[in-house]
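Dear colleague,

Please find the structure below, handed over for your records.

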Amino acid sequence: MQVFEFHFNPQKRDDRQSDLIFDSFCYEPSNLYEKRVGSLYLVGLLKNALPQNTKFLDILAKTVKEKYYQLSAGSSEKSLKFSLKKTNEFLEKIARGGDVSWLGNLNLAIISLKDLELNFTKIGDLKILLLRNNQIIDIDKNLKLEDIEPYPLKIFGNIISGKLAEDDIILVLTKEVFDSFLEAQLLKDLAAIYPFEPKKLKQILDSKKDNLSDIKGICFLLALTKTVSTKQKGTFEKSRALKLFSFKKIVPQLKLPKIKLPKFSLKKLLRLWWTQIESKKLRFFSSFAFATRKLAKKRSLILISLLAIFLILGSFIFNKLEEKQSKIYQAQLNQIQIKVSQAENYLTVGKNNQKMLNRANVLLKESWNEISSLSNTASSFSSTLSTRIFNLKNTVSQDLSQINNLKVINDIQPIFEFKTKEFIPLRITAETKNLYLFSPYSENVFKIDEKNTGKILTISKNIQAANSLSDSVLLFSKPNFIISLKDESFGPTIALGTPYPNFNFNTFSSYQSGLYFLDSQKGAIVKYNYLGNSSWEAPYLWLSKEVKNATDFRSIAVDGSVWILTKNNAVQRYYAGRLQEDLNLDIFPEIKDITKIFTTSQLPYLYLLEPLQKRIIVLAKSGPTSSPQAGQILYQFFSSQFDNLLDFTVSTNGRTIYLLNGFKIYQISF
């Protein structure tokens, strides 16, 4: 393994006026115990730094390292989780002490690597990429960044784990460096170094020194080669070429001179000392020792008797308290049982009555919250009580799953599986007979026909998003290019008009002759109307000016109305640029992190993807006066095999869902 750290225009030690501090930290195992959890790497950047925070990153990195190797008896994943917990407590202590200047300004990536097992987390705008055989994969895309809660302070939350392969490269970039690399097309050049060679890396960076001369930040690179572990660090300052240096060359191995010590016998020395003591025996000490032993025996008997009395008394008091508390829990369980029985009566009577089902749903959710709290509190009490709690909780779970139409798929076989060296998909779309897969970081499109036969279609554009038309697919390539694809033929590349400076479209949807692009950074939806003959009308902002918090938008789907998925898992319907309704997503299990919404004008359903809970949700989208009502749960499909959900698409009739799960495609029909 080889480690490279590139610091672009770093702050000088005597520069106290800089408000941007960044650094990287590498910790290799120093003993047998630390080797069990592997290596630890950190990349940090602090914006708007105050003078008193010049050592903030150093102190934080030291804390993460100490806590990570403190739990060296477990796995690297457990050690990282423990370290993050303790680091959150450390940051909370700082905040409670009055220093909150780093909140909102801290950007930090933490990576642990044991053999080929990768665990990582991050906070802020850093980008973590995997370079594999000319492919660029955004591996931190599905990392849920929790909102910072003040007390107890929670900065670092979830981690992502995965298995790497030889010759993989992990790349960590601060935001300014990532943007510059993207603009200079450096990511493509770095991904093309296969197998990895340090000389080519230096040549590529030196060739782009004009593009990188003014930026500030870090490029941190881990190359999983068979080469003996090395570490190199470089600085890239304005008007200077990249300088690499090796720590092994700078710090020579020190050889200590051998020192011969005089020989002596410890046994002989002790024997001489004891002989001198024996020659001066004193009867006084012998008498004193006898009296002391006699007194100690009496005192021990008294202490043992008192201890026995306290133990018996304590046991009696504890049993009484436990008995009293157990009665309280039993009473609470009885109340929950009454509520559950009432809900089950609603289920029996009102199988086809939505009002009855809604009442049962409310009662069961209340029961679920109460019994979940009770199970955490009463877990240490009698086995009889614990068994009753477990059984009742299981009953509530089954009833809620029934009401919320949760279908558990225990065994599902993929309809197609990719070979890692062949193609690495991140997105999927469908037209009448074919599936198409692509990635924003590679230039090819992969086609799977109705016989599940795969084929790579070559195109010289990175495809960011796609949308199905009646008999073809429309592809979008940043910043503003669209390309049609029918069967295996690509149409001409068309450049759409520029809506405003520094626009950054995330995804798009189509309806009739209009294209709707979502720019979540700007909080805008930009619409293009089709004029015919492969030409498009000038873009305009579709959202009304009265719409607020549009930067919270995550995903878009259009069917005449515009459906928006927000970052806080809300689903909103807009029409003519104005908000029409918010859907009440009262779903069990409770929603945590939805990543995509999908529908078309031909479909009566809304589809929601939630990778974190390994499920896809199908909702009704009818109006409030129709039955079923908008937002009503029609289906939920869950499987433990959905452990890496990336994207999904739906057939033209809406009854077949294609799920891209890592390198596998699963099909669900209903």
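A residue is called buried when its relative accessible area is under 20%, exposed when over 50%, and partly exposed in between (1.4 Å probe, protein chains only). The model is a predicted one, in which local features need pLDDT of at least 70, side-chain atom pairs count only at pLDDT 80 or more, and totals for chains, interfaces and linings use all residues. Residues are numbered from 1 along each chain as its sequence is written, and side-chain values use heavy atoms, with hydrogens and water left out.

The protein chain has 670 residues, of which 45% are buried. Its secondary structure comprises twelve helices and 39 strands; these are DSSP runs numbered from the N terminus (helices H or I, at least four residues; strands E, at least two).

In helix α6 (residues 198-207), the buried residues are L201, I204, L205 and D206. Their cover includes β1 (2-8), α4 (175-183), α5, α7 (209-212), β10 (217-223) and β11 (230-236), contact meaning heavy atoms within 4.5 Å.

Among contacts in the chain between residues at least 6 apart in sequence, 57% join residues at least 24 apart.

The lining of the second largest cavity consists of L131, R132, N133, N134, D167, I169, L190, A191, I193 and Y194. Two elements, β6 (127-132) and α5 (186-191), each give two or more residues to this lining. Here a cavity is a set of points, on a 1 Å grid over the protein atoms alone, where a 1.4 Å probe fits but cannot get out; lining residues have an atom within 4 Å of a point.

Yours sincerely

Methods
On a 1 Å grid over the protein atoms alone, a cavity is a set of points where a 1.4 Å probe fits but cannot get out, and a pocket is an open set with protein on both sides within 12 Å along at least five of seven lines; lining residues have an atom within 4 Å of a point.
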